[in-house]
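Student: Could you show me how to read a fold feature by feature, with the general idea given before each case?

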Amino acid sequence: MKKIVLIIFILTLFILGGCSCNSKKLNLYQDEIKHQEYLDKFYDDINTENLKYVAVDLRTKEMYETEHIRQFQNYDLSKGNIDELFTWLKSNYSSNHKVYIYVETLDDVSKFEILLENYNEIYIYIGIYETMSSLGEELFTFDHGPYNCGC
């Protein structure tokens, strides 16, 4: 009888443990140590076969076209709004995608929590572009001009 109770207890722990790994949350990267973690994670993900992701740079079009990481698309938040961005993401990328966002400043992170309704993994880099560029110079190809998917 004690063995059965012990087995049921252990199975319950595995089931509850399995549920916690599916929790949704925004992953914020706001300092240089965290910035490097973000870039390393992004590098690993873009080099993982069959992994689906979308990367969005929220700087102005002019700043983006001056220089950007090749895999990032631009959405000029100064000319659009956050709701339009979310509608575009949901319309073009399934819930199986990881979402990577780059933004220089973010006053209200709670605006991004609505993405948790559709996506399990959301990573937001918050900081100046020069830091991102210098930390990522050995990992990424940087482009100039408008986004080119290579299609």
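The dialogue below takes up the sheet, a helix, the nonpolar cores and the salt bridges of this predicted model.

Student: Let us begin with the sheet: what is the order of its five strands?

Tutor: Strands of a sheet pair through backbone hydrogen bonds, and the pairing is either parallel or antiparallel. Here the five strands form an open sheet with parallel pairing, and their order is 1-6-5-2-4. Strand 1 (25-29) and strand 4 (73-74) are at the edges with a single partner strand each, so one side of each has no neighbour in the sheet. As an example of a pair, strand 2 and strand 5 (residues 98-103) run in the parallel sense and are joined over five bridges, and V54 stands opposite V99 of strand 5.

Student: Which residues of helix 4 are buried, and where on the helix do they lie?

Tutor: An α-helix has 3.6 residues a turn, so residues three or four places apart point the same way. In helix 4 (residues 82-92), the buried residues are I82, L85, F86 and L89. They lie on the same side of helix 4, because the arc they cover around the axis is only 95 degrees. D83 and S91, on the other side of helix 4, are exposed. The buried residues of helix 4 pack against strand 2 (53-57), while the N-terminal end of the helix is capped by N81, which has a side-chain oxygen 2.9 Å from the backbone nitrogen of D83.

Student: How many residues does the largest nonpolar core have, and which elements supply it?

Tutor: In soluble globular proteins, nonpolar side chains tend to be buried together. The largest nonpolar core in this model has 20 residues, and L58, L85, L89, F112, L115, I122 and I124 have the most contacts inside it. At least two residues of this core come from each of strand 2, helix 4, strand 5 and strand 6 (121-126), and helix 4 gives the most, with four residues. Another core, of 16 residues, lies apart from it and includes Y38, I69, Y102 and Y129.

Student: What does I126 contact, leaving aside its neighbours within four places in sequence?

Tutor: I126 lies in strand 6, and its relative accessibility of 11% is why it counts as buried, the limit being under 20%. With those neighbours left aside, I126 is in contact with L28, Y29, Q30, H35, V103, E104, T105 and L106. I126 and D31 are 95 residues apart in sequence, yet 7.9 Å apart in space from C-alpha to C-alpha.

Student: How many salt bridges does the structure hold, and which residues does the network join?

Tutor: The structure holds eight salt bridges. One of them joins D45 and K98, with the closest N and O atoms 3.0 Å apart; D45 lies in helix 2 (residues 32-46) and K98 in strand 5, so the pair ties together parts 53 residues apart in sequence. Both D45 and K98 are buried. K98 also meets E121 in a salt bridge (3.4 Å, N to O), a link between strand 5 and strand 6 over 23 residues. E121 counts as partly exposed at 30% relative accessibility, whereas K98 counts as buried at 12%. Through salt bridges that share partners, K41, D45, K98 and E121 are joined into one network.

Definitions and conventions. Residues are numbered from 1 along each chain as its sequence is written. This is a predicted model: local features need pLDDT of at least 70, side-chain atom pairs count only at pLDDT 80 or more; totals for chains, interfaces and linings use all residues. Side-chain values use heavy atoms; hydrogens and water are left out. Buried means under 20% relative accessible area, exposed over 50%, partly exposed in between (1.4 Å probe, protein chains only). The arc is that of the directions from the helix axis to the C-beta atoms. Contact means heavy atoms within 4.5 Å. A polar contact is a pair of N or O atoms within 3.5 Å; within protein, one must be able to donate a hydrogen and the other to accept it, and residues adjacent in sequence count only if both atoms are side-chain atoms. Two strands pair if DSSP finds at least two bridges between them. A nonpolar core is a set of buried Ala, Val, Leu, Ile, Met, Phe, Trp, Tyr and Cys residues joined through side-chain atoms within 4.5 Å. A salt bridge is a side-chain nitrogen of Lys or Arg within 4 Å of a carboxyl oxygen of Asp or Glu.
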